[in-house]
Amino acid sequence: MRVTSRDKFESIIESSDLVSRDLSWMKFNDRVLDQSKKKSRCIFEKLKFLAITASNLDEFFMIRVGSLYNYLDYDKERVDYSGLREEPFKMKLMLECQEFHKRQQEHFLKELLPKMSEDGFILSNVRNLEPDEQEFIKSYFNKAVYPMLTPMVFDGYRTFPILMNKLLIFGVVTLAPGDKKENRKLSFVQIPANIPRFFEIEREDMVVYIPIEEVIRENIVSLFRNVNIESINLFRITRNGDFTLEESEDMDANFLEEVKRKLNERKTGRVVRIEIEEGYSKWMVALLKERWNIGDDSIFKVERASMLDFTGLWQVIGNRRFKDKLPQIPAPVPPLSYPEEGSEDIFQVLKERDILLHHPYNNIDPILELIEKAVDDPSVMAIKMTIYRLAKESRITKALLRAAENGKHVSVLFEVKARFDEENNIREAKKLQKAGCFVIYGISNLKTHTKLLLIVKKEEDMVMRFVHLGSGNYNEDTARLYTDIGLLTTNETLANDVSEFFNVITGHSVPSTYQNLITAPRDMRNQLIEFIEQEAYNARAGLPSGVFIKVNSLEDSEIIYALYRASQSGVPVKLIIRGICCLRPGRLGLSENIEVLSLVGDFLEHSRIYHFHNNGQTRTYAGSADMMVRSFDKRLESLFRIQDPFLEKQLMNIISFNLKDNVNSYIMQEDGNYSPKIAKEGEEEFNVHKEFFNLNAVDIQKVKLIG
């Protein structure tokens, strides 16, 4: 029997103790696509999840595939967790991407496209419209679209034009009358991003969406007069957006300008993917492949009946006409530790007790209320905070501007390396800087990912510190869609820790220790491994033990092998990991005592919770950090300890509910695949994205600490 290279690769992958980060991410996007296939969802929800998979894949190619090409293009060695070197791993990864792309397209063509008319809309090309509608389209093209288009020819006299990342592009092959085929020319027509993806025609009982490429295709001859058009080819390119190699070399030199330069480089980074309509010119594609040094595995073919770039479907989903057809998110409920939300002075409440926020079930208002009250309170002397991502029209920026105008000391660390939010963060940071705030643009070669807020307030004969620590961004928009944890407190121990941490961030300080804060890059990995090893020691001694962790991603090999050792010692390990998981659960002799679940559903699971049984002396933390190499080595991160018994029970209940869920949950298999967790016979459906709206304080008091 002949053993192929592919069989050999699979054997290497299966024998590894670790799952490839990138292959694991592809499985995550599969779970998102699965949401689009659920029969219980309406077509608008299905389109939404399909659009999310497309957006996810764009970023994956820009960053992860881009990073892989950095190694290939610069002859840098890399061995993936799968055990494969750069080139074999690229072959395997592209194969997975191609197969996922086919599943996307098949789902759209067979399941979504035929059912659109049942819900009051269709996609159409121009030729299927009524005559008066066709005239309307022609007028729209002539007045609004034609002036925006610029044909760019490539031949022996002109340089190859810069084609933009993620835009729809027509490649038009032309021939002058009487010329031979070897004299044909290639021109490009890019569709500007500020033209709506679809032209909409509202009929009495139907909305007709005409893709902008069909509008242009029907009229493209007007851009190429008196020449023969040999072929019209619609395609889209994705460019490398990863700058890992460069950032390590010149990060300290005029840092802000460096970030701006790299933002511009995203427009001209090397091409890592071409999506193209079938029936394309082989001559054109051969030219592009040679020009961009890519192979057939980087070319993704799309049927004409389908569409390029499913992210354009957001225009359909967002149509107000269909607003009532989308399920409505329930109104947020008051935090269990702050049932009188909004009716009492939050400063006074925090003097009496801590508040735990669980977004989006609790809204972000208590945090905004605290900041906005601080701005106008004459006894507040200083406000310090870290910012990673903000809403576009941020109440927080407006409040901080007012605070500076009111003469308060305002210190803000803006992380200008927050991927794809760099421009917004630079813009907002400059506003604050002009208003007199002390603004820091990141820390050297570290990303500041920690979420911290410190308000210093003079109270009669003493100074009090009001602190917020969280797992999520200070972003009003995403707080409605992401599950996150936040703690509001005046606890002196945590306040001291946070003050020390701000001194590290804004000055030159190296504190000897923190009491209830674990920080990266200094201590976090070692501290978590120490906690895991304590559980292993307890298990070997016959004492109760348990590790329960909920994060976005698990990739760090040192943590993974510590969890393997704990499993081998008999420690029950339950992991709730939404996205990447490089650990193999349930492998004989390695990880039989480890279970991994992933929750994907209406809300994006973003909270991070770490719980260690510790023979009944529980250690429970929440915070900003996943278990990634970058989280431990390349980011300023923090985990904060929850000691209040009621709040700790809330966190335990979150983990318990996640483990109980049988609607949004997927079980990870030893081979890295996932299977949906389905309600057993006689078992009721349990959907955490609904159940958290129904909790009350009495329920929490009954919770037993797990482990």
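A salt bridge, as the term is used on this tour, is a side-chain nitrogen of Lys or Arg within 4 Å of a carboxyl oxygen of Asp or Glu. The model is a predicted one, in which local features need pLDDT of at least 70 and side-chain atom pairs count only at pLDDT 80 or more, while totals for chains, interfaces and linings use all residues. Residues are numbered from 1 along each chain as its sequence is written, and side-chain values use heavy atoms, with hydrogens and water left out.

Select Asp-58 and Arg-273 to begin. Their side chains meet in a salt bridge, at 2.5 Å from N to O. Because Asp-58 belongs to helix α3 (residues 43-73) and Arg-273 to strand β8 (residues 271-277), the pair ties together parts that are 215 residues apart in sequence; helices here are DSSP runs of H or I with at least four residues, strands are runs of E with at least two, and both are numbered from the N terminus. Asp-58 counts as buried at 6% relative accessibility, and Arg-273 is buried with a relative accessible area of 3%, where buried means under 20% relative accessible area, exposed over 50% and partly exposed in between, for a 1.4 Å probe and protein chains only.

Glu-277 and Arg-217 are both buried, as is Glu-214.

Now select Asp-58, Arg-236, Arg-273, Glu-275 and Asp-309 together, which salt bridges that share partners join into one network. A search of the whole structure finds 50 salt bridges.

Finally, display helix α2 (residues 21-37) and helix α4 (residues 86-112), whose axes come within 11 Å and cross at roughly 5 degrees. The two helices are therefore roughly parallel to each other. Among the residues that make the contact are Leu-23, Met-26 and Asp-30 of α2 and Phe-89, Glu-96 and Phe-100 of α4, with contact meaning heavy atoms within 4.5 Å.

How values were computed: Axes fitted to C-alpha atoms, helices over the stretch in contact; angles between N-to-C directions. Parallel < 35°, antiparallel > 145°, perpendicular 65-115°, else oblique.
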